[in-house]
Amino acid sequence: MSDEMVLGADGLSKENALDLLQQMWEIRMFENKVYDLLGRNLIKGASHLYAGEEAVAVGAISVLRDDDLITSTHRGHGHCHARGAALTRGPEERQEHINKMLAELCGRATGYCRGRGGSMHIADVENGNLGATGIVGGNIPVATGAALAQRLQSTDRVVLCFFGDGASNTGNFHESINMAATWDLPVVFVVENNWYGMSVPIETAAAKLDLADRACAYGIPGVTVDGMDVMSVREAVRGAAERARRGEGPSIVECQTYRWYGHSRSDPRAYRTKEEEAEWKARDPIPNFAAQLVEAGLVTQEEVDALEEQVEESIERATEFALGSPTPPVEELEAYVYASSPWTEADVQHEKVLRARCRAGAEGTREITYREAIQEALREEMERDPNVFVMGEDVGLYGGAYGATRGLFDTFGPERVRDTPISEAAIGGAAVGAAMSGTRPVAEIMYVDFTPLAMDQIANQGAKNRYMFGGKTTVPMVIRTEGGAGRSIAAHHSQSLEALWTHFPGIYVVMPSTPYDAKGLLKASIRDDNPVMFIEHKMIYGVKGHVPDEDYIIPFGVADVKREGSDVTVVTYSRMVHRALEAAERLAPEGISVEVIDLRTLKPLDMATVAASVRKTGRVVGLTEAYLTGSFISELVARIQEDVFDWLDAPIVRVAAADVPVPMSEPLEDAAIPSVERVVAGIRQAAR
């Protein structure tokens, strides 16, 4: 009997062959056990089983190096297992890996994600598995960003991105493939074509059935292989990975395969015939590979049988471990939503001193515009940390739609100041993947009106990944954008949508009103280990103010009392701070003393400063440029009612934009958003 055989392009030792077979058996028996536990209601929720497709995950991942990365899908157990098993050294580590996987599916504290991700979001970030996603195609931009990080860090690591035939019809697929191809990124896109999205057959959903043929549209290689043959997958992915490692860019490998079970446990598979299923099961990758090994004389049938029995025992031990493990303590419900803040009380106190000096224009400060403050913050952070980079539409030579990145391209070049395609989802998702892979992206979405195009990537991936993956990752990214009305550019370029972003746990929302605040808060955002939505206002880029000569940051969650008063508190942020201050000046001769609080960060919210002011004045005006209904100010009103209701002497007044799409006509636009006159009227109403 030979200890080595040649299958495909590479020689395969007996040890390696048995390991591939063992991994496939482990996936199959794991999935069969999960199916059983789902039926007994011992696993809750949805699980999308990988049985039948084992050759794809095992074959593809077998050619990776230990430091390479993968991203996965809602049908991700096979990918998670193959990646983890490939990294284990010895049977004890292998068993521990399977234990953690099954514990995660059972929602236990001993799982890979501490029970917070479950089946659809299983991850092992510490070992290069950047996680599965419950959003079809949601991982494709993330993989693209992870590959971008490798290029920026000059590594030769490769990213393997798994997704199904259904995901190949999403915008994420096309935006990401185009971005990866344009930038020659080291990513291999593995399409697991199992012929059905959920129940819809591919011939109903795709105009051309060979999905790898789409590669030619982006000028990259594409190949279709038998996904039921582990060696065919291995050979195809090996070639694609080597190409990527040489710096020659991405490839698409389509693996034509078949899932044994339905889309999920509740799927009766009425859309498939018994004859079709029988035909595919005759091509079962596990017994066929085992038979191939026996026929080649590499192993004996007795060794194959013993291996199958060994795997069955391993899955039973994992089941005992998972069901015997504790569930996460409810006291830890809010753990891992955010990475810990780096800012100390000393930082807070120092910033308070700097703020006073800049307000007075004291020695050691200088006057700049809001736009220059953004430029300086980006430049200083890029000089300080080579992992910081800027990307977005027209941020390079053009300098950004409002000039906020002007001059950076000349200094840092096209690698670190990247002009992107017009692909908001890919921009947002690439920022997520790059942030999870060691860099600190500052991604610009040109207008806040466009951020919903990237909402899945920023909110469902960026904001949630740390929590879903059990606190084992950080996503230090900044999304810079601008909002607000004032230029007669109508409803698609003039909104204030910050309330959308405050709604999602896991992401901070920053809205500075002055050059001092803009510079200090942007520098803090870049250094923070959490996603930050940084929203500028298009009408205040020319506003001037003092900043300190020294390097400084502004800690999050610290509001600024821009003007002290005793009769009415106005709580606001961004451009409306300036209108509130003007209104306060107008009312001073009437004997109405107005305190103006600039929140600066909406999340985290400095409720202590707001509450202290309300206790002093007893009267509140909430001011925002956003639509009245569902605005962040409405949330703030609820918080004030909950926390300091007993100190209120009058109903809270809200001054907000009209509930109409922002109109183009200048008189209508002016009428739609709060004017100084409307703010004055609101303060008078509160002061009655």
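**Salt bridges, helix pairs and backbone**

Modeller: Counting by the rule below, there are 47 salt bridges. The rule asks for a side-chain nitrogen of Lys or Arg within 4 Å of a carboxyl oxygen of Asp or Glu. Keep in mind that this is a predicted model, where local features need pLDDT of at least 70, side-chain atom pairs count only at pLDDT 80 or more, and totals for chains, interfaces and linings use all residues. Residues are numbered from 1 along each chain as its sequence is written, and side-chain values use heavy atoms, with hydrogens and water left out.

Colleague: Which lysine meets E316 in a salt bridge?

Modeller: E316 sits in helix α11 (residues 301–324), and its partner is in helix α1 (residues 14–39), 283 residues apart. Helices (H or I, at least four residues) and strands (E, at least two) are DSSP runs, numbered from the N terminus. The N to O distance is 3.0 Å, and the partner is K33.

Colleague: Is K33 buried or exposed?

Modeller: The cut-offs are under 20% relative accessible area for buried, over 50% for exposed, and partly exposed in between (1.4 Å probe, protein chains only). E316 is partly exposed at 37%. K33 has a relative accessible area of 15%, so K33 is buried.

Colleague: How many residues apart in sequence are the parts tied together by D156 and R65?

Modeller: D156 and R65 form a salt bridge, with the closest N and O atoms 2.7 Å apart. D156 lies in the loop between α5 and β4 (159–164), R65 in the loop between α2 (54–61) and β3 (69–71), so the parts tied together are 91 residues apart.

Colleague: What is the relative accessibility of D560, the salt-bridge partner of R355?

Modeller: The closest N and O atoms of R355 and D560 are 3.0 Å apart. R355 lies in helix α12 (residues 345–360) and D560 in strand β16 (residues 560–563), so the pair ties together parts 205 residues apart in sequence. R355 counts as buried at 12%. D560 counts as buried too, with a relative accessibility of 2%.

Colleague: On to the helices: are α6 and α15 roughly parallel or roughly perpendicular?

Modeller: Helix α6 (residues 171–183) and helix α15 (residues 424–436) pack at about 70°, with their axes 8 Å apart. Axes are lines fitted to C-alpha atoms, for helices over the stretch in contact, and angles run from 0 to 180 degrees between N-to-C directions. Angles under 35 degrees count as roughly parallel, over 145 as roughly antiparallel, 65 to 115 as roughly perpendicular and the rest as oblique. That is why α6 and α15 are roughly perpendicular.

Colleague: Which residues of α15 make the contact with α6?

Modeller: Contact here means heavy atoms within 4.5 Å. From α6 come N172, E175, S176 and M179. From α15 come E424, A425, A426, I427 and A430.

Colleague: How do α5 and α6 run, roughly parallel or roughly antiparallel?

Modeller: Helix α5 (residues 139–152) packs on α6 at about 15°, with the axes 8 Å apart. The contact is made by I140, P141, T144, L148 and R151 of α5 and N172, F173, S176, M179, A180 and W183 of α6. At that angle, α5 and α6 are therefore roughly parallel.

Colleague: And α3 against α4, roughly parallel or roughly antiparallel?

Modeller: Helix α3 (residues 77–87) and helix α4 (residues 91–105) pack at about 155°, with axes 9 Å apart. That angle makes α3 and α4 roughly antiparallel.

Colleague: Which proline is joined to K603 by a cis peptide bond?

Modeller: Look in the loop between β19 (601–603) and α21 (607–617). Omega is about -5° there, and the proline is P604.

Colleague: What is the phi of D394?

Modeller: D394 lies in the loop between β9 (388–392) and α14 (408–416). D394 is partly exposed, at 38% relative accessible area. Its phi is positive although the residue is not glycine, with a value near 65°.
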